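This short report is written for someone meeting the structure for the first time. Please look over the sequence and the 3D view before reading on.

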Amino acid sequence: MSQDGMADAPGLQPGVSRRNFIKSVIAAGATVGASAYLFRTTIMGQNDSNLPGSVERLITLDINGQQRRVDVLKNETLASTLRYKLGLTGTKIGCDRAECGACTVLVDDVPHYSCSVLTHTVRGKKIVSIEGLAKPDGTLHPVQQAVVAGQGFQCAFCMPGFVMATAGFLKTNPNPSREQLAHGISGNLCRCADYNKILDCMMHAAELSRGA
Amino acid sequence: MADSKPPYKLIGQNYTTPDLVAKVTGKARYAEDFRADGMVFVKLLLSPRPHARVVSVDASAALAMPGVHGILRASDFPAPPPPPGAPPRPAGAPGAPAPPAGAAPAGAPPAGGVAAPVAGAPVAAQSGAQRATPATAAANTTAAPPAGPPLAAEIALTDEPLYEGEPILAVCADSEELAADAIEKIHIEFEPLPFVIDPLESLRPGGPNGRTEGNVFAAPNMKTLKWTAADMAMIDQGKFPSGAEAIDNLSIGDIEKGFKEADLIIERDHQQQTTPHMPLESRTAMAFWKNGKLYLHGSTQSVARTVAALAGWVGIKQDELVLISEYTGGGFGSKIPGAQTMAIPALMSKKLQGRPVMMRISREEETYIGRTRPGYTGWVKMGFKKDGRVTAIDAFLIEQSGPYRRQGDNATTANLASLCYQVPNMRFRGISVATNTPPPTSQRAPGGLQAGVLFEPMISEAARKLGVDEVAIRKLNGPSGQAVFGLLPPLPPGAPVPANRPRQKVTSAFINEALDKGAAMFNWEERKKRSGQRVGSKITGVAVATGAYTAGSIGVDGLCIVQPDGKLIIHQGIGNLGTHSLSDTARVIAEMVNMPWEQCEVVWGDTSKGLPWSSIQAGSQTTYAHTRANYATGMDLRKKIQEIAAKDMGGKPEDYDMANAKVFRKGAPGGRSMTFGKVAERAIQLGGVYDGHEVPKELNAMTKGAAASLVGMGLMGVARDNLPRDGQTYSFLAAFAEVEVDVETGVYTIVDYLGVADVGTVMHPHSLGGQIHGGGIQGIGHVRSQKLVYDPHYGAALAKRLHHNKPPTMLDIPLKMEWAAVELPDPSNPIGAKGIGEPSIGGGGAVIMCALAAAVGDGVLRRTPVHPEMIATALANGGKPTYEPLTSFI
Amino acid sequence: MDFLTWARSPWGDTIATHISWSLFWAALVGGLLFLLGHGGYMLFSQHRRRDPAEVDRMEAEHKGLPAKIERHGIVARMFHWIMAASMLTLLLTAFLPIVGIQFAWVQWHWIAGMLLTVSILFHIVHATFFMDFWSIWVGPKDIPEMKIEMMREMGREDLAGPRPGKYPLGNRLYHLAVVVAGLVVIASGVLMMWRIRNSITVRNPYIMSDLAWSFTYVAHGLMGVGFVGLVIAHIYFALRPEKLWITKAMVFGFITRREYLEFHDPERWAQENKPGPKVA
Amino acid sequence: MPPIRDVMPAFELFQPATVADTLGILDRHGADAWIMAGGMDTFDWLKDRIARPKVVVDLSAVTELRGIKDAGGGIEIGAMTTLTEVANNGLVQERFPLLAQAALLVASPQIRNQGTAGGNVSQDARCWYYRAGWPCYRAGGNICYADTPTSVNREHAIFDADRCVAVNPSDTAPALIALDASMVVKTGGQDRVIPAEEFFVGPGVDITRLTMLMPGDLLTAIRIPATWAGKAHYFEKVRDRQVWDFPLVNIASAMNVSGSTIADSRMVVNGVAARPYRLTAVEAAIKGKARDKATADMAAEIAVRGAAPLRHNAYKIPLVKALVKRAIRGDAEWTS
């Protein structure tokens, strides 16, 4: 990943042609006047940290209980940060379009598609990925235990997402019916279609969670 | 060979597969999870046109960007491999003897839906045309004489894109962002060429041809076939012209006689959609070169059987390749020997002096290049006696064959009908039309899923019309024992008709037992009474259906080592695509030497670790093939342990038994014994056959190489599957389902599903259940929602997103599904096991079609996917189908 | 600044979709500037007219002239006003949404366009067969007149030379511009009927290639914007005091004998000794 | 320019903490600014590289835009309130169950955990030609690729199409119109409260947007009056998959039933036109009528007057009819 895709071309980002750039400047000049035009040139650069809402690239993230300092691009998704900046490749990217659920992680205990979360929006929030589910001593989380016990999943590319979605759902409903659980984790696709066994495992996981 | 239920310790038990904890903790590394220092990225430039010639490429602006390292084009690939059609066909052609040892181990089963990579023809290996169905082979031998040069094989990049989204070039840069920006700076000029989306448009007089060489695949390449104006007039009225000209012709018996004997004839036009394989992990690959060797992290179904294909695509020798693929995120036929696109990072890395190159394939790219199951447009006529016996089938199936090769699913579909209904008189006619849509390849039960969806509703309809029970009619027609099946090519004109033209037979068929067991479990007699009953706005439909598919090949190798530390290391060339056959079949060796599973390790997924020659992980072959190979290997290991024990402790080898990693005199486990660790040490001292210095000549070269790399590590068990087999191995599934159809909206719910499998001995119940249900749900997905859609004017894909091509979700299937197995061993397998991956899918798709028909009426639903509006509008319209009956890709 | 808006066709080709709407502003501003410029010039420049004495003399000469001379027959006037109404509707429906007044304009636009098309077709037939077809056209023979008119505009009222026939040169040049723009705009507009749903065509945007459509839309846009200028100029001149007699003629159909003599060359538009009003 | 997707172009990011700061940023950047609420629509535009905003204004830190509060028997929903919160909120469930249900049927759990009330009503059309980045009317071009003799337009409009045949895909939008909600829109220092029905615009009026929101506008809240609280509510969504699918057609209806008579009603279907399609003729026709099968049958016929189906979507006509009947029927026994 380029660390400096933005810094290379302030204002003239890759893909923004010079023609369009000039056009936009003219349009801006025409609509908001010269002072705004001058203002604009500064905010399109990097030198804008004093404006309200502006974003620093170097941020600290709370991931799996650790504080991790990361240089994050403005357009970087949480899945990218986890996988490519922090080496947490357990989080899978199946579609990158918030459709398959393979990238599901917990943000403040709530399941999110990390492919469709800007990393900058989770500053100060507690992120848990599949790597952070087991206890430090290696004891598996009840959901993981249930998967192992029931030999859940086949190719397992969807598994980390399913496990995180279940872990998140069980926090809101620790004693679900099979139907409630199915609805709760329905935002994850399994192309091997091992849904029935996954549900068996996750019902068992609910039991284990309650027992634990 | 095997008794009805031998007392196995491991086989048939649930256990935790050795990869599971890594998967559930996120430690399992798939191709995209690898990173290397200095790694750069490629992005693909995809064709915006469905068919065109690249006239010029101006990449100067892109290449001038700092951080852009280069581009790769079709011309950078090694010389085109041998054309498809040329290489020898493996086993299964009518009358062909068993394949010669060592040549091309029966990789492709007769009606099997899989490519069989054959050394020497690596690229063609992925080709569906390679699939040697008897029908394919036969049809090709009788088609028009060769005309024109052979068709160029598909390679990963092209200068004549044949479908929208086909990769034209790859750009390598420091980051994907940069590569993407660079691609936008490339200027390409195209010369547009005619294209075909709907096959029928191509058969229209004056209609377009999908390729410059023709519009239909006819061995050995292509020809142009146009139907008559009268045929097209029928199509314009929504009726399939069943008398039109075909390319492929196969038959058995006399269909005219068969229809004359029939008391009931049912005739149906039919449309099935093309669907993408869509594994959740795309065909991402990462490559680098070190010390003259290519290291490739890829996503492949098979490992051992990917090496030759990949080496061929890259243009290197097999021993110059290290393939690492320990985890594969699904394939369903689309990654049998990996994917051709894996060569892109490999060749790009070579250009960059070995620098690691990562090629991530996006979901959209996967939708384009990730392969498809071909849809059909067709027509079927079936004749039945009063008692339900099928007297004749006449089927005409046009296959949406994509641009590169004859896929041949349609012939497999016909072949399976001849097996499942034991039809005395049958004719199949087919055309594989070149369409400028993503290329098909085998998709889980290629032709098998389509067969169930096509024929089974007609069987149910006949049962209803004849007043015969739907289970009974299937038992009446179904195969049993070593049932004979298969269609034959027409004889040359004037040739004498031989008395007994050879057909095929199965090694076992227990579908009737599966139907009985299922009927009892499902409470069929009671539940079928509910079928067709309406409560409120909902009608219930209850149905049964059967499915069948190939379930095993023969002739592969096994390899294992007992180490001095007492561990049994089982080497598997099998890919880990999630079916668990990787470890399920490894357990056979442990079972043979009575070794606790905890003391066994499985080595897989990295060709530098010494992997034996294996079957492809496709065609539901692996379980059957590798229980046999590992049985042979386990017997070899057992024999060697006994021999060493006899050498050290006296007596004859056969006096020795073994348990808990010890060998001892039979009946005296508490007496004098040797630990396996000790046996391993002795093996190393003894050398020769014991530690791998000498291995059987009949082994595949890959196994020999693996053995050589492991020489002296311990006691080696190694063997080739030379066990006999009489017939082809098929597994069967009886599926039962109940649906609830809301007649006002057409929305339907699948309330219940039961799959009962004839898969011989159960190896691993958890896994078997997963396969029965997983296949069933994929069949359900085919029937209820999955599709690919193209804009006919631009030939461009529309259904590019998952919410467009609609794989089933957790809420589109029954909340709780059931399964069972008849557990009658296959007599041709020493363990009695057969495959299950593919037999499970056809029944699943078929039973939903049958249940919907039971609810809403016969003949209403003649195309898939069955969207709610098809039901609602047909019902509102007095049961008449109102959709476009013959249009593809909508 | 781009004069056209560009897009990438489904096949990745660069195609033009419209003219840039900035051209509309340019036409509007240009039209208004011309108006200001011309108005200012007219304020400060000498009005060139025939000397009233000369007109008196001519009136005396041409005794045979009726008091009212028909300039535009009823049919021609109807055509003109229908065309004017449809043109104004077309311009308003086309450009009001661009200036930010949003409403469902398409139906009004195409109906007005169809009305315009029909009226123009009628006008072509009518002018060809029932009117003095060539009286409105401009040709090489008008060059002397043009020269002299220019000179007169510069204040050289003293110069002799041809006077206009029925239609003053400016009028005729304007007509020529309208003919070109009008034909292009209706031809492209009629094609565009296949791009929308209406009760006349069956929608099929694929009757032409993407590229051909590019030209069609650009041409329609350019001519449409051109009409903004043309219409501004037209209305302006129609309302100018020294031209009001023409405007009145377009309303009432006739001019007075004096106006006839004052503004025309009786040689080029003979009205004397005619049996009653000419068929318009 | 060759197509390339799934790599987001770079942009400047702002994460204001207050509405005032947000409006300042929007004012400063005008049409260059792209507002991101939950991002569930935004990411597609960015990842497809079709939208290339210079500035993305992420609202996730604007806490004042979150939450549901009582407002005199009605409620006010902050625009950044997630759909999960809307679906699970006690007040919503008690007073406006049809909205809770509509929110619950949106896409998937994770989408509802992140997607917002404001975003769901402001999302763009999902026409697959438009979303492919083709230069159609809605994209500022001059063609509708979805309405040609060969287009595949099963999911497109049957009502009020004007050149463009895309539909509004929202589930909550019809529910809000049925509940007579209004939208609070801020621009600069100015506040506007717009009836939900007027918030949405058709292609005739503005073919490039589905709502009246213009650059600089910020939807801050949705207000639902007490009028329809506790009345007879009905919501149903017909879709291909039971998760992550847009409606083929959905219906939202609120009826004030006294005895067996329909005193008053509001009924809206979506997925049939570019704006949620309010069935005002049906509302008028059933007013004062008995809530019975005859009324339902009559209403169904009235509902589809003026429908103009395309090649592949004629089924939406009987589907709208069926849903109108079901909305009137509610939980009653009789079937059509």
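## A salt bridge between two chains

In this predicted model, Asp33(B) and Lys92(A) are joined by a salt bridge whose closest N and O atoms lie 2.3 Å apart, the term standing for a side-chain nitrogen of Lys or Arg within 4 Å of a carboxyl oxygen of Asp or Glu. Between chain A and chain B the count comes to five salt bridges.

## The interface of chain A and chain B

With contact taken as heavy atoms within 4.5 Å, 53 residues of chain A and 57 residues of chain B take part. The two chains bury about 4600 Å² between them, 59% of it from carbon and sulfur atoms; this is the accessible area (1.4 Å probe) lost on being put together, summed over both parts. On the side of chain A, Gln151(A), Gln154(A) and Arg191(A) lose the most area to chain B, together 18% of what that side buries.

## Helix 1 of chain D

Helix 1 of chain D spans residues 19–29, and its buried residues are Val19(D), Thr22(D), Leu23(D), Ile25(D), Leu26(D) and His29(D), where helices are DSSP runs (H or I, at least four residues) numbered from the N terminus. Buried means under 20% relative accessible area and exposed over 50%, with a 1.4 Å probe and protein chains only. These residues lie on the same side of the helix because they cover an arc of only 160° around the axis, as judged from the directions from the helix axis to the C-beta atoms. On the other side, Ala20(D) and Asp27(D) are exposed.

## Conventions

Residues are numbered from 1 along each chain as its sequence is written, and chains are lettered from A and ligands numbered from 1 in the order in which they are written. Local features need pLDDT of at least 70 and side-chain atom pairs count only at pLDDT 80 or more, while totals for chains, interfaces and linings use all residues, and side-chain values use heavy atoms, with hydrogens and water left out.

Terms used. Helix = DSSP H or I, 4+ residues; strand = E, 2+ residues; numbered from the N terminus.
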